Amino acid sequence: MIGQKEERLLEALKQSLNPELEAQRKSEEAAAYYDMFDIARKHAVLSLLSDVYEEDEGLPAGLRQELRQAAATVVRSNYRLLFLVKYITQVLEKEGIRAILLKGAATASYYPVPELRKAGDVDILIPEESVFGQAVEILEREGFAVQEEQTALHHIELKNKEGISVEIHRILAEPFESRKMNQYLEGLLPAYGGHVVLNSSWGVRFYQPGDAYHAFYLIIHMLQHFLRAGFGLKFLCDWTVFWNHEVAAEEKETFLRLASESGTRGFVTVLTEACVRYLGLRRENVAFLLGETKDGEEASAGNPGLGQLAEDFMEEVFVSGEFGHSQRKRMVAMRGTGITAYVREFHHQMHLNYPNAGKVFVAWPLLWTLTLARFLYNNRVVRKVRGRDILKEAKKRSQLIDKLELF
C-alpha cells in the first residue's frame with residue numbers, strides 16, 4: 001500500500017504537472033513536510049515542488065530555503081546543459097552529422113516550467129553507424145575527453161572541461177536479455193534518423209525525435225532501468241507531461257505500432273494507468289493505450305486487475321528511488337522466477353561484461369567463472385550485501401515483471 005506521505009507527494013506533483021487543477025492540498029504538520037521532502041529528494045523531483053509550495057504558509061522555513069536553493073541549482077544546471085547541447089549539435093552539424101537530443105531539454109519542454117526538471121548529463125543519438133566514430137573524434141578535437149572506463153555498450157561517454165558527462169549513443173539502449181528486442185532496436189535506427197523535428201522552444205534550436213519516437217525512447221529508457229535496479233517518480237512525470245500535450249493521431253498510431261512490435265505494450269499500459277491515477281495524466285489523451293471500451297469505461301473496468309497492477313507498480317517505483325539505488329540489494333529483475341530465468345540472466349550479464357570475448361563459444365566457461373567472481377566480489381566487498389539477498393529481491397521483482405508480459 002502507498003502510505004500517506006507518498007500520497008501527499010503525488011498530490012503535490014500532480015499540482016505541479018497540472019497547474020490548472022484546483023489544489024487539493026492543505027497545510028500539514030512540520031513532520032509531514034519533512035517526510036514528503038525526503039522522498040522527493042530520493043526521486044530527484046524536489047525542484048518540481050518549488051511553485052507548488054512557494055506560498056504555503058505551513059512550510060517550515062528551513063525547507064522553504066532548501067526548496068528555493070534546489071530550484072535555483074536545477075535552473076542553472078539546465079541552462080548550462082542547454083547551451084552545451086547547442087554547441088555540440090552545431091559542431092557536428094558543420095561536419096554534416098545530424099545529432100538527435102534524447103531526453104533532457106527535449107523532454108523538459110513539455111513541463112509547465114521546463115527549467116525545473118532536473119537533468120544531469122547530455123544524451124545525443126547518432127543514428128548513422130558510419131559516422132558514429134567520426135562524431136566522437138570531432139568532439140575529442142573540441143576538448144571533450146573520452147572516459148577510460150566505459151560503463152555501457154550502447155554509448156560512448158565523454159566529459160568536457162567542467163566535468164559534465166556527454167553520452168554519444170550508437171543505439172537507443174543497452175542490450176536487453178531478449179535478442180529479438182535488441183535486433184528490433186538496431187533495425188529501428190534508420191527510422192529514428194528520419195523522424196526528427198526541430199525544437200526551438202528554449203530559444204535554442206536542436207533536433208529531437210518526433211512524438212512517436214520520443215515516446216518510444218522514454219519507454220525503452222524506463223524499461224532498461226526498471227529491469228535493472230528500478231527507476232523513480234521523475235520518469236513517470238516525464239510520461240505524464242508528454243501525453244498531456246497534444247499529440248497528432250498519426251503519431252499515436254505509430255507509437256502504438258512501435259510498442260506492439262517491440263513487446264512493450266503491457267509495460268506501457270501499466271505505467272500509463274499509474275500516471276493517470278496518481279499524477280494527473282488525462283485519461284482521454286491515452287485511452288488508446290489503455291484499451292478502453294467504446295462507451296468510455298475505464299480500462300480497469302474491462303480489466304479489473306489493471307488497477308491493482310498499477311498500484312503494485314507504484315509501490316515498486318517508490319521503493320526504487322531515482323535509479324534504484326535506495327537499497328543495496330536491488331539489482332536486475334528477471335523475466336521469470338525459475339532456475340531457467342536465473343541462468344538466462346546470468347548468461348546475459350556475462351555478455352554485458354565481456355561483449356567481445358562472449359562471441360567465442362569455447363570461452364564461455366571461463367567467462368561464466370569470471371562473471372561469478374565479479375558478482376561475489378562486488379556484493380561482498382563493494383556493496384557489502386549478501387548474494388542471497390540480491391537473488392531474493394530479484395525474484396520478488398520478477399513476479400511483477402511477469403505480469404507485464406514483456407517481449
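Tutor: A cavity is a set of grid points where a 1.4 Å probe fits but cannot get out, and its lining residues have an atom within 4 Å of a point. Keep in mind that this model is predicted.

Student: How many cavities of 30 Å³ or more does the whole structure hold?

Tutor: The search covers the whole structure. Among its finds is the second largest cavity, of about 120 Å³. Cavities of 30 Å³ or more number 4.

Student: Which element gives the most to the lining of the second largest cavity?

Tutor: The lining has 15 residues, and Leu81, Gly104, Ala105, Ala119 and Asp121 lie nearest the centre. Strand 1 (100–102), helix 5 (104–108) and strand 2 (122–125) are among the elements that give two or more residues. The largest share, 4 residues, comes from helix 4.

Student: How many residues in that lining are nonpolar?

Tutor: Sort the lining by class. The charged residues are 3 and the polar ones 2. The nonpolar count is 10.

Student: Is Arg374 buried, partly exposed or exposed?

Tutor: Arg374 sits in helix 16 (residues 364–382). Buried needs under 20% relative accessible area, and exposed needs over 50%. Arg374 has 37%, so it counts as partly exposed.

Student: Which residues does Arg374 contact, leaving aside neighbours within four places in sequence?

Tutor: Take Asn353, 21 residues away along the chain. Its C-alpha atom is 9.5 Å from that of Arg374. Contact, though, means heavy atoms within 4.5 Å. By that test, Arg374 touches Asn353 and Tyr354.

Methods:
Residues are numbered from 1 along each chain as its sequence is written. This is a predicted model: local features need pLDDT of at least 70, side-chain atom pairs count only at pLDDT 80 or more; totals for chains, interfaces and linings use all residues. Side-chain values use heavy atoms; hydrogens and water are left out. On a 1 Å grid over the protein atoms alone, a cavity is a set of points where a 1.4 Å probe fits but cannot get out, and a pocket is an open set with protein on both sides within 12 Å along at least five of seven lines; lining residues have an atom within 4 Å of a point. Grid points are joined across faces, edges and corners, and a volume is the space filled by probe spheres set on the points. Ala, Val, Leu, Ile, Met, Phe, Trp, Tyr, Cys and Pro count as nonpolar, Asp, Glu, Lys and Arg as charged, and the others, Gly among them, as polar. Buried means under 20% relative accessible area, exposed over 50%, partly exposed in between (1.4 Å probe, protein chains only).
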